[in-house]
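Student: I have a model open and would like a close look at a single part of it. Could you start with the surface and then walk me through one residue?

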Amino acid sequence: MRDYIVGLSMTALIVSILEVFAPKEYEKYVKLAAGVLMLSVMIFPVAKLGNFKLPSEISGKVVEDGALTDKVSAEMKKRVEQDIETRLQEEFGIESGAEVKLELDENGRIAGVEEIYVKVAENPDKMQERLEEVYGCTKIRIEFK
């Protein structure tokens, strides 16, 4: 929206300058061209939205919606795994490795954590209960290193 307003303002400024410096014999043509230009700048975003599906953008690169969903899922999976490892270190004082399987709904959106796989050297009391409580997941597999 900001780009639209800036573009519209800049066009109005340029049109005003052109009208001031236009020769008298071309004044009506300059006003006609200026009006058409202003009208096209105002209508272009509406026409663009009506005819095209706007792609998603990440870091200036256009990606398909499926690729965006995959990237978001991969990033969320990585963050949950890091959170589990950090949580086990802070709450139970154990080093671990974690992998998760995310639960997706019918639209491909993340609905929660479906399964947790944890590799630990020891199994402290209440670790599994704590993971169930925090992540809302009952499928927790624990393997000892």
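How many Å² does the accessible surface of the chain come to, and what share belongs to carbon and sulfur atoms? After that, please take me to Glu 81.

Tutor: Happy to! This is a predicted model, in which local features need pLDDT of at least 70 and side-chain atom pairs count only at pLDDT 80 or more, while totals for chains, interfaces and linings use all residues. Residues are numbered from 1 along each chain as its sequence is written, and side-chain values use heavy atoms, leaving out hydrogens and water.

The accessible surface of the chain is about 10800 Å², with 56% belonging to carbon and sulfur atoms; such areas come from the Shrake-Rupley method with a 1.4 Å probe, and for residues only the protein chains shown count as cover. Of the 145 residues in the chain, 19% are buried. Buried means under 20% relative accessible area, exposed over 50%, and partly exposed in between (1.4 Å probe, protein chains only).

Now to your residue. Glu 81 sits in helix α3, residues 65-92; helices are DSSP runs of H or I with at least four residues, numbered from the N terminus. Glu 81 counts as buried because its relative accessibility is 14%. Setting aside neighbours within four places in sequence, Glu 81 is in contact with Ala 98, Glu 99 and Val 100, where contact means heavy atoms within 4.5 Å. For Val 100, the backbone nitrogen lies 3.1 Å from a polar atom of the Glu 81 side chain.

For contrast, look at Val 6 in helix α1, residues 2-21. Val 6 counts as partly exposed because its relative accessibility is 40%.

Notes
Helix = DSSP H or I, 4+ residues; strand = E, 2+ residues; numbered from the N terminus. Polar contact = N/O pair within 3.5 Å; in protein donor to acceptor, adjacent residues only side chain to side chain.
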